[in-house]
Amino acid sequence: MQIIKYEFQPHGDDRGQLVALEEMKEVPFDIKRVYYMYDTTEGVTRGRHAHKALEQILICVHGSCKILLDNGEEKVVVPLDKPNEGLYVSNVMWREMFDFSEDAVLMVLASELYDEEDYIRDYDEFLKYVGK
Ligand code: T46
C-alpha cells in the first residue's frame, strides 16, 4: 500500500511557525469541511469505518496519535506527531485512530460535507465493497 504523508513547509521566523494549507495546492482536493478531535479518552480507538467517496488529510496539530489504514489486503500503522505533517486517506480505506496522547488534537481536512450515507461502518461490508 502506498502511504502518502505530506510534509508542509512552515513559514517560520523568530516569532514561531505558521503552516498555510490551500485547496488544490498543498491539499489535493477542494476542502469542503474541517473538523478536529481533542480530549480523547485514554485507550479509545476512533474511526473503525471506511468511506465510499470521501478523501481526507489528517494532521495531528498537537500531541500524537496513530492511524491504522487498511485497504482490505494490507494494513499499515502510521504515527502522526508533527503539526506540519499530513496523512492522506483515500476513499475506500478502512481507518482507525488510536494511541492518542492526552494533549492530542487531530485535525481533518475533508473533500466532502458530512454524509452518513458515505460511511461503511461494518468491516465485512467493507471487504465485500472492495471485492475481498
Ligand atoms: C473519519 C475519521 C478520521 C458530525 O456531525 N459532523 C462531522 O463532520 C463529523 C466528522 C462527525 N459528526 C458527528 C457524528 C457523530 O455523532 O460527530 C460524532 C462523532 O463522529 P464519528 O463517530 O464518525 O467520529 P470518528 O472519530 O469515529 O470518525 C471521524 C469521521 O467521522 C470520519 O469521517 O474518517 O474521523
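Here come some ground rules, then the stops of the tour.

This is a predicted model, in which local features need pLDDT of at least 70 and side-chain atom pairs count only at pLDDT 80 or more, while totals for chains, interfaces and linings use all residues. Residues are numbered from 1 along each chain as its sequence is written, and side-chain values use heavy atoms, with hydrogens and water left out.

**Stop one: the sheet**

Strands here are DSSP runs (E, at least two residues), numbered from the N terminus, and two of them pair if DSSP finds at least two bridges between them.

Now select residues 46-51 and 94-98: these are β3 and β8, which are antiparallel and joined over three bridges. Click on Gly 47 and you'll find its bridge partner in β8, Glu 96.

**Stop two: the ligand**

Which residues come nearest to the ligand? Of the 14 around it, they are Arg 33, Arg 46, His 51, Gln 56 and Tyr 119; "around" asks for a heavy atom within 4 Å.

Pick Tyr 119 next, where an N or O atom of the side chain is 2.5 Å from a ligand oxygen. Gln 56 also has a polar side-chain atom 2.6 Å from an oxygen of the ligand. Taken alone, the ligand exposes 650 Å², and the protein buries 67% of that (Shrake-Rupley areas, 1.4 Å probe).

**Stop three: a loop serine**

Go to Ser 111, in the loop between β9 (105-110) and β10. Is Ser 111 buried or exposed? Ser 111 counts as buried because its relative accessibility is 6%; buried means under 20%, exposed over 50%, and partly exposed in between (1.4 Å probe, protein chains only). Beyond its neighbours within four places in sequence, its contacts (heavy atoms within 4.5 Å) include Phe 29, Lys 32 and Leu 54.

**Stop four: two positive phi values**

Most residues other than glycine have a negative phi. Val 92, in the loop between β7 (85-89) and β8, has a positive one near 50°. Val 92 is partly exposed, at 22% relative accessibility.

Finish at Asp 99, in the loop between β8 and β9. Its phi is positive too, about 55°, and at 44% relative accessibility Asp 99 counts as partly exposed.

Notes
Helices (H or I, at least four residues) and strands (E, at least two) are DSSP runs, numbered from the N terminus. A polar contact is a pair of N or O atoms within 3.5 Å; within protein, one must be able to donate a hydrogen and the other to accept it, and residues adjacent in sequence count only if both atoms are side-chain atoms.
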